[in-house]
Amino acid sequence: MGISRDSTHKRRATGGRQRQWRKKRKYELGRIPAGTKISSNVCVRRLRVRGGNYKFRALRLDSGNFSWPTEATTRKTRVLDVSYNASNNELVRTQTLVKSAIVQIDATPFRHWYESHYGVKIGIKKVKGQKQAEPEPVDDTKRSGSLTRKLAARQKDRKLDPHLDEQFASGRLYARISSRPGQCGRCDGYILEGKELEFYVKKMQKKKGK
């Protein structure tokens, strides 16, 4: 039969059945969802679609480009886990990558960038009962005078969300997928911070409590 996106097979608004007065059309066709999974054995299929265009159907992916909005930087990093999906819990259980899914990504590329950009170590695990110490500087034995001045100037505007610092200590960051893996063959997104991060953390805790 095939998947069809037409409305001729549906009932009228009044509840009455419609008589089938024509056959299916090519422009009404639908396709099976990609169901992109996390795997190092990456597989992206090219699909010819209407108008001679191409879609790229990602079946297995393990990495993507993720941006850090407040720092205006982007790094390619591994996708480790699907943590939350507002539309369907089944997509979390099956670890399916779709747009707007909340995933955990590897924090290492962003940590390396932050430490080289600001000259400060982050993601240091805190010991209970100890006061929060001053940020520990990165080893600067081979640092020139101009670079030292540049890093000192950057320190003035430096702000790191405490929730993000905790995540850096665990080595995983929460991010949201903004691309459509089943349509463009990529898994790109952005790191969650601020009110948006708080919102999704609450949602995840509520689901764990059930």
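This is a predicted model: local features need pLDDT of at least 70, side-chain atom pairs count only at pLDDT 80 or more; totals for chains, interfaces and linings use all residues.
User: Which residues of α4 are exposed, then?
Analyst: P162, E166 and S170 are exposed, on the other side of α4 from the buried residues L164, D165, Q167 and F168.

User: Why do those buried residues end up on the same side of α4?
Analyst: L164, D165, Q167 and F168 are the buried residues of this helix, which spans residues 162-170. They cover an arc of only 160° around the axis, so they lie on the same side of α4.

User: What follows the helix?
Analyst: G171 follows α4, and the phi of G171 is positive, near 85°.

User: Changing topic: what is the strand order in the open sheet of 3 strands?
Analyst: The order is β1-β3-β2, and the pairing is mixed. Because β1 (37-38) and β2 (43-48) each have a single partner strand, they stand at the edges, and one side of each is left without a neighbour in the sheet.

User: In which sense do β2 and β3 pair, and over how many bridges?
Analyst: β2 pairs with β3 (residues 54-61) in the antiparallel sense, over 6 bridges.

User: Which residue in β3 stands opposite C43?
Analyst: R60 in β3 stands opposite C43.

How values were computed:
Residues are numbered from 1 along each chain as its sequence is written. Side-chain values use heavy atoms; hydrogens and water are left out. Two strands pair if DSSP finds at least two bridges between them. Helices (H or I, at least four residues) and strands (E, at least two) are DSSP runs, numbered from the N terminus. Buried means under 20% relative accessible area, exposed over 50%, partly exposed in between (1.4 Å probe, protein chains only). The arc is that of the directions from the helix axis to the C-beta atoms.
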